[in-house]
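Subject: Structure handover

Hello,

Here is the structure I said I would pass on. My notes follow below it.

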Amino acid sequence: MTRPDDPSEALDPTQLTAATSLPLPRRRLGRGVTLLLVLMRVYVLVALPIVGYAFVRALLGGS
Amino acid sequence: MRWNAVNPGMARAVARPGAVMLREDVLRAHDRRSVAQARAARRRLRLLWMLVGPGVLVMLGENDGPSMVSYATTGATYGIGFFVPFILLTFVMAFVVQEMTVRLGAATHRGHAELIFQRFGPFWGYFAMADLVFGNLLTLVTEFIAIQAGGLYFGVPAWVSVGFGIAAVCASLIFRRYATWERTAMALAVFNLLFVPAALFAHPNGTALAHALLTWGPLPGGVGTGFVTLLLANIGATVTPWMIFFQQSAVVDKGLTRADIPQGRIDTAIGAVVAAIAAIATLVAAAPLFAAHIDVSSFASGADFATALRPLLGTAGATLFALGIIEAGVVAAMTISTSSSYALAETLRTHHSLNLDFAQGRLFYSAAIVSAVIAGAIVLIPGAPLLALTLTVNVIATLLMAPALLFLLLLVNDREIMGDLANTWRANLAGGTITAGIALVGVAYGVITVFPGLLGK
């Protein structure tokens with residue numbers, strides 16, 4: 001017999017905090033995925049200084 | 001259990017019998033019981049009403065201060081033309097992206113940040129978090145710029161408006177209840193539609209709107225540096241990294257399961273449609289500035305638009321515009337600070353829910369309040385470059401979106417955790433096209449910034 005207010009009855013077993021606090025296993029990253037992640041990181045590291053440059057140029061009145 | 005059978009990677013993540021139940025479990029279970037009753041009674045509208053929230057909030061939350069300024073700048077620079085269908089297209093993109101977060105949240109019951117850390121490891125996790133924290137803090141600053149600027153239109157001192165914004169963020173958290181937070185934010189978000197009556201005061205030409213939608217034109221001035229910058233700003237006004245993190249965490253906090261995915265999709269679609277209407281209304285409301293040949297390049301905020309629009313829309317129209325800018329800032333401040341809270345707590349593997357009490361959720365609630373206080377304080381610094389910052393934030397959001405989309409696509413194709421909810425080839429084609437398109441526009445921005453004479457003005 002379960003209590004009507006028992007959370008485990010209304011929630012999916014994988015939804016309880018006791019379950020979600022268990023970490024999922026790491027996935028193996030293939031070469032293609034790793035390359036994509038590295039490329040995106042390079043993209044961000046190149047793009048942000050350019051935005052910074054544009055920001056400073058705007059501050060200086062476009063000079 | 002069948003669900004675990006289709007998500008092999010999730011099978012081991014099941015609570016042991018007799019596991020400790022937290023306050024968030026009890027409150028979520030209470031909400032889920034109501035959902036189960038509505039579903040059993042086949043009360044479809046009630047079921048939908050109970051399950052909408054994350055999608056509507058994420059879309060209307062992204063119609064924030066800098067976004068509305070971007071739409072207004074677009075209307076004032078190009079009038080009614082190319083950008084009307086383009087804005088619609090960006091919301092279709094937003095729907096495609098955000099729908100994936102609904103499936104991820106419902107399938108894994110985990111937030112986006114914790115999934116990146118757990119599946120890709122801390123090296124990539126910290127990169128993703130650095131992007132998010134940087135983007136969120138900058139965006140939050142611009143929300144307080146919007147709140148402050150809207151207040152200035154009504155003669156309210158900047159420190160009062162900023163204090164009001166911080167108080168709104170704190171007040172929304174005080175109930176320690178996801179459902180209350182969500183419904184309060186949704187009630188405020190409805191006022192995003194203030195831009196619709198403001199647009200009506202501009203007496204828009206229906207034929208010009210229909211012509212723009214059918215022909216993607218006109219585009220006065222053609223393709224130049226300003227056009228590419230506005231293109232990027234309009235994309236950044238609709239799809240940004242915080243939206244991915246927020247909606248997935250909100251879906252988890254609300255307790256959505258795979259049975260709720262159809263309603264989650266409808267929720268996201270409703271949000272996209274309403275937000276697109278408000279966005280296009282903002283462009284239309286500002287279009288008289290284009291017709292009057294008013295140069296908006298020196299405008300500092302949405303309040304400057306309201307002031308400039310007063311002779312064209314009348315006092316009522318301009319007031320609605322200023323109120324809309326304040327609303328956009330307040331709702332976005334609530335959702336973006338909450339997005340930061342979810343992501344930070346997930347990264348540090350502490351409790352993360354708006355159903356937590358203050359003792360358990362000390363770090364979670366503190367993150368939202370501290371980020372709001374820091375952002376508000378930056379706005380009050382005398383001489384802070386608020387104009388340049390507002391214009392730059394959407395561009396940064398767009399540039400950070402490409403790596404965020406890559407993580408999203410990799411996760412939503414991860415069959416170990418998604419099972420049969422993984423992306424279809426059609427969803428991958430759409431997601432891949434969006435990622436490549438955003439990355440290419442970012443590259444174009446970089447090229448024209450470094451070589452400003454390449455495309456002309």
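Predicted model: local features only at pLDDT ≥ 70, side-chain atom pairs only at ≥ 80, totals over all residues.

Chain B

Chain B is built from 20 helices and 0 strands. Its C-alpha atoms fill a box of roughly 70 × 45 × 45 Å along the principal axes. Of the 457 residues in chain B, 59% count as buried. Taking the contacts in chain B between residues at least 6 apart in sequence, 85% join residues at least 24 apart.

Contact between the chains

Chain B puts 49 residues into the contact, and chain A puts in 34 residues. On the chain B side, the elements that give two or more residues are helix H2 (23–40), helix H7 (112–120), helix H8 (122–153), helix H18 (386–412), helix H19 (415–418) and helix H20 (425–450). H18(B) supplies the largest share of that side, with 10 residues. Sorted by class, the side of chain B that touches chain A has 28 nonpolar, 10 polar and 11 charged residues.

Two helices of chain B

H20(B), one of the elements on the side that touches chain A, has 26 residues. From first C-alpha to last, H20(B) reaches 37 Å, close to the 38 Å expected at 1.5 Å a residue. The buried residues in H20(B) include Gly431(B), Ile434(B), Thr435(B) and Ile438(B). Further along, Ala439(B), Gly442(B), Tyr445(B) and Ile448(B) are buried in H20(B) as well.

Helix H17 of chain B covers residues 362–379. At 1.5 Å a residue, its 18 residues should span 26 Å, and the end C-alpha atoms of H17 are 26 Å apart, which agrees. Buried in H17(B) are Phe364(B), Tyr365(B), Ala367(B), Ala368(B), Ser371(B), Ala372(B), Ala375(B), Gly376(B) and Val379(B). How are these buried residues placed when seen down the axis of H17(B)? They fall within an arc of 155°, so they line one face of the helix.

Chain A

Chain A has 3 helices and 0 strands, and from the N terminus on its elements run α-α-α. Of its 63 residues, 27% count as buried. As noted above, 34 residues of chain A take part in the contact with chain B.

Regards

Key:
Residues numbered from 1 in each chain as written. Chains lettered and ligands numbered in written order. Helix = DSSP H or I, 4+ residues; strand = E, 2+ residues; numbered from the N terminus. Buried ≥ 20, exposed ≤ 12 C-beta atoms within 10 Å, placed from the backbone. Contact = placed C-beta atoms within 7 Å. Nonpolar A, V, L, I, M, F, W, Y, C, P; charged D, E, K, R; others polar. Expected span 1.5 Å × (residues − 1). Arc of directions from axis to C-beta.
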